[in-house]
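Student: I'm new to this one. Please walk me through it in short steps.
Tutor: Happy to. Have a look at it first.

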Amino acid sequence: EYIFASGAWSTALYVTAAGGFQYADDVDGSIEMEGEYWFGELSLYSEQTIHRSTLSARTFAEVFALSGKDLADCVRDSPGCTSMFCEYAKDFVSSMQRARSGAVEDAVEIASKCCKQNQFYQVLYPDPSKLFWNVAVAKKVQGSQIKRDKNRRNQTISMGVSKLEQADAERQVSDDNHSVRSDDTDAEDPGLA
């Protein structure tokens, strides 16, 4: 049974889930395949796409189809998803137009490249070669906060010590003044002596 035929309008993305398939195109000839594959992704993002290959089921098989309208309905309520798909679709369609062949391997390679250059993908899966492993921002910030807190504590302690020293000095001056006054008082009143 044909899933799609070469020369027919491509109206959906087809995803094979189980079973055996026969794939035929002008580039690779005829290939027998089993497992999970996808075909016709370009039809999700454009209205007039024609299949350049034929896919038929060799055995009992399971295939899922997703139309562009169904995809749009799925992402419509999420601005983030809509933006991500629009960016990806623009890159994918542009890259597929520049591609020389419509081979499945080329489409897979292009899809992977477009996905990885998508800004949303890069936020979720940053390139390890572009990360700053030698900069530990959290440790630096935490270290500077600890240092600042120590300085404040030391300042408070030194201010406390200074105030204690100042209070001791004032007591000393007060005691000295008191003893000087009593000496002065004795000197002024000779009759008491």
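Student: Let's start with Glu 32. Is it buried or exposed?
Tutor: Exposed, because its relative accessible area is 54%. Keep in mind that this is a predicted model.

Student: What does Glu 32 form a salt bridge with?
Tutor: Its partner is Arg 58. The closest N and O atoms of the two are 3.6 Å apart.

Student: Where do Glu 32 and Arg 58 lie?
Tutor: Glu 32 is in strand E4, residues 29–34, and Arg 58 is in the loop between E6 and E7.

Student: Which residues are linked with Arg 58 in a network?
Tutor: Salt bridges join Arg 58, Glu 32 and Glu 34 into a network.

Student: How many salt bridges does the structure hold?
Tutor: Four. One of them joins Asp 73 to Lys 69, with 3.1 Å between the closest N and O atoms.

Student: Where are Asp 73 and Lys 69?
Tutor: Both sit in helix H1, residues 68–75. They are four residues apart, about one turn of the helix. Asp 73 is partly exposed at 31% relative accessibility. Lys 69 counts as exposed, at 58%.

Student: Which other residue forms a salt bridge with Asp 73?
Tutor: Arg 76 does. The closest N and O atoms there are 2.8 Å apart. Arg 76 is exposed, with a relative accessible area of 54%.

Student: New topic: rings. How many aromatic pairs turn up?
Tutor: A search of the whole structure gives seven. Take Tyr 23 and Phe 39: their ring centres are 5.3 Å apart and their planes are at 25°, so this pair is stacked.

Student: Why does that angle make the pair stacked?
Tutor: Because planes under 30 degrees apart count as stacked. The angle here is 25°.

Student: Which strands hold Tyr 23 and Phe 39?
Tutor: Tyr 23 lies in strand E3, residues 20–25, and Phe 39 in strand E5, residues 38–39. They are 16 residues apart in sequence, so the pair ties those parts together.

Student: Are Tyr 23 and Phe 39 buried or exposed?
Tutor: Both are buried.

Student: What kind of pair do Tyr 45 and Tyr 88 form?
Tutor: An edge-to-face one. The distance is 6.0 Å centre to centre, with 75° between the planes. This pair links distant parts of the chain, 43 residues apart. Tyr 45 is in the loop between E5 and strand E6 (53–57), while Tyr 88 is in helix H2, residues 79–98.

Student: How accessible are Tyr 45 and Tyr 88?
Tutor: Tyr 45 has 21% relative accessibility and counts as partly exposed. Tyr 88 has 11% and counts as buried.

Student: Which residues do ring pairs link into a cluster?
Tutor: Phe 4, Tyr 14, Tyr 23 and Phe 39.

Student: What makes the nonpolar surface patch?
Tutor: Val 15, Trp 38, Phe 64 and Val 108 make it, and it is about 330 Å². Val 108 belongs to helix H3, residues 104–117. It is partly exposed, with a relative accessible area of 33%.

Student: Now strands. Which ones form the open sheet, and in what order?
Tutor: There are three, in the order E5-E2-E7, and the pairing is antiparallel. E5 and strand E7 (62–66) are the edge strands, each pairing on one side only.

Student: How many bridges join E2 and E7?
Tutor: Five; strand E2 covers residues 13–18.

Student: What stands opposite Leu 13?
Tutor: Leu 66, in E7.

Notes:
Residues numbered from 1 in each chain as written. Predicted model: local features only at pLDDT ≥ 70, side-chain atom pairs only at ≥ 80, totals over all residues. Heavy atoms only, no water. Phe/Tyr/Trp six-rings, centres within 6.5 Å; stacked < 30°, edge-to-face > 60°. Helix = DSSP H or I, 4+ residues; strand = E, 2+ residues; numbered from the N terminus. Buried < 20%, exposed > 50% of the residue type's maximum accessible area, 1.4 Å probe, protein only. Patch = residues over 30% accessible without salt bridge, like charges linked within 9 Å, V, L, I, M, F, W, Y side chains within 5 Å. Areas by Shrake-Rupley, 256 points an atom, 1.4 Å probe, with all protein chains shown as cover. Salt bridge = Lys/Arg side-chain N within 4 Å of Asp/Glu carboxyl O. Pairing = 2+ DSSP bridges.
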